[in-house]
Amino acid sequence: MTVLNHRILLAERPVGIPGPEHFRADVEPVCPPGPGEIVVASRYISIDPAMRSWIGVGPSYVRQVGIGEPMRAGGIGQVVESRATGFEVGDWVQGRTGWQSHPTLRGDQTQKLDLSVGSVEDWAGPLGTSALTAYFGLMDVGELRPGDTLLVSGAAGGVGQIACQIGQINACRVVGIAGGTEKCRYLAETLKLDAVIDYKAGPDIGAALRRACPDGVDVYFDNVGGEILDAALIVLRMGARVVSCGRISQAGAKEPYGVKNLGALGGKRVRMQGFLVFDYHDRYTEARAFLAHHLRGGRLRQKLHVVKGLDRAPGALAMLFNGGNTGKLVVGVG
Ligand SMILES: NC(=O)c1ccc[n+]([C@@H]2O[C@H](COP(=O)([O-])OP(=O)(O)OC[C@H]3O[C@@H](n4cnc5c(N)ncnc54)[C@H](OP(=O)(O)O)[C@@H]3O)[C@@H](O)[C@H]2O)c1
């Protein structure tokens, strides 16, 4: 029986928020593996805000996905055929699966998962790239210290949930910002943050921040940019650090939001710095050891938000930009 590779291809470049209209489904026989290659049955495919820049009309930090190519994505799956040394049928691996059910991958670009460290779901969530992003953003860029007040936007998302918990593990006072009652309840009652702000509940985010952070903020982990970043700049303390992780609020904006409060940086000697998690590739083992330790100890958890079915990947991507996900968003395949 011929095994088929179901794929989702880029059909058109989105100008604003990407959605199903920008992709098309396709099916082909699985590409037989050459020397050094493996065929993988995808299980979880990561859905990430950066995908928008890989397919949009604007600048991207990596090569853009071509029209008619399978959508690029990281994923986890099980080896079903191997011509690569070190990979056996049945091994769980992570690599560049793309939006494909049975991709053929190079062994030297694919990593075997150590299931003694965490389950397949853990590797998709609290040991995955979003968690590494939170770790390096806070510990390296943010220079987080015990006793700091940590403010996290996008707090109920993939990166945000882990950032909040790394703050708790480091004995910080943690304040989260998220959109909507349900997400805020999760942050307050399940993750037990010190304070939570629902930015969709009222027009004055500045007043809400002053109430939640009466003594100011030492580290602001910024996932969203825009108006929330602007308001956060006002409540920073002397010597604060702003970790510019992402600016998802600007994804579909016709005009970029003009940040007004940058004047607060000088007098308070604030450092604001961007970063890309891939820059820390050589230190992933260090981060995973930390994350796995706290996962085992019960101090780290992560909601995986699974959208079932490869055909629903384009709709899942849109969810990131309308707040439809809580926790790390993945597409479940098979
Ligand atoms: N620097 C790096 O290397 C790196 C690596 C990975 C991710 N990132 C960045 O980290 C951020 C979080 O990524 P993620 O994968 O964990 O996504 P996520 O937080 O799981 O999902 C995106 C969330 O953003 C929020 N959002 C969407 N539009 C918004 C708006 N206009 N204003 C405020 N919030 C808005 C929504 O939550 P609400 O319902 O709460 O609004 C949505 O659920 C993104 O900015 C991403 O680009 C950076």
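A: Let us start with the shell around the ligand, to which α4 gives the most, with 3 residues; helices (H or I, at least four residues) and strands (E, at least two) are DSSP runs, numbered from the N terminus. The model is a predicted one, in which local features need pLDDT of at least 70 and side-chain atom pairs count only at pLDDT 80 or more, while totals for chains, interfaces and linings use all residues. Residue numbers run from 1 along each chain as its sequence is written.

Q: Which residues come nearest to the ligand?

A: A residue is near a molecule if its C-beta atom, placed from the backbone, lies within 6 Å of it. Here there are 29 residues around the ligand, of which Gly157, Gly158, Gly179, Gly246 and Gly323 come nearest. Two or more residues of the shell come from each of α3 (129-141), α4 (158-169) and α10 (313-322).

Q: Why does the ligand lie between domain 1 and domain 2?

A: Domain bounds come from an automatic or database domain assignment. Because domain 1 (4-125 + 302-332) and domain 2 (131-278) both give residues to the shell, the ligand lies between them.

Q: In what order do the strands of the open sheet run?

A: Strands of a sheet pair through backbone hydrogen bonds, either parallel or antiparallel, and two strands count as paired if DSSP finds at least two bridges between them. In this model 6 strands form an open sheet with parallel pairing, in the order β10-β9-β8-β11-β12-β13. Its edge strands, β10 (195-198) and β13 (271-274), each pair on one side only. Strand β12 (residues 236-244) pairs with β13 in the parallel sense over 4 bridges, and Ser244 has Gly274 in β13 as its bridge partner.
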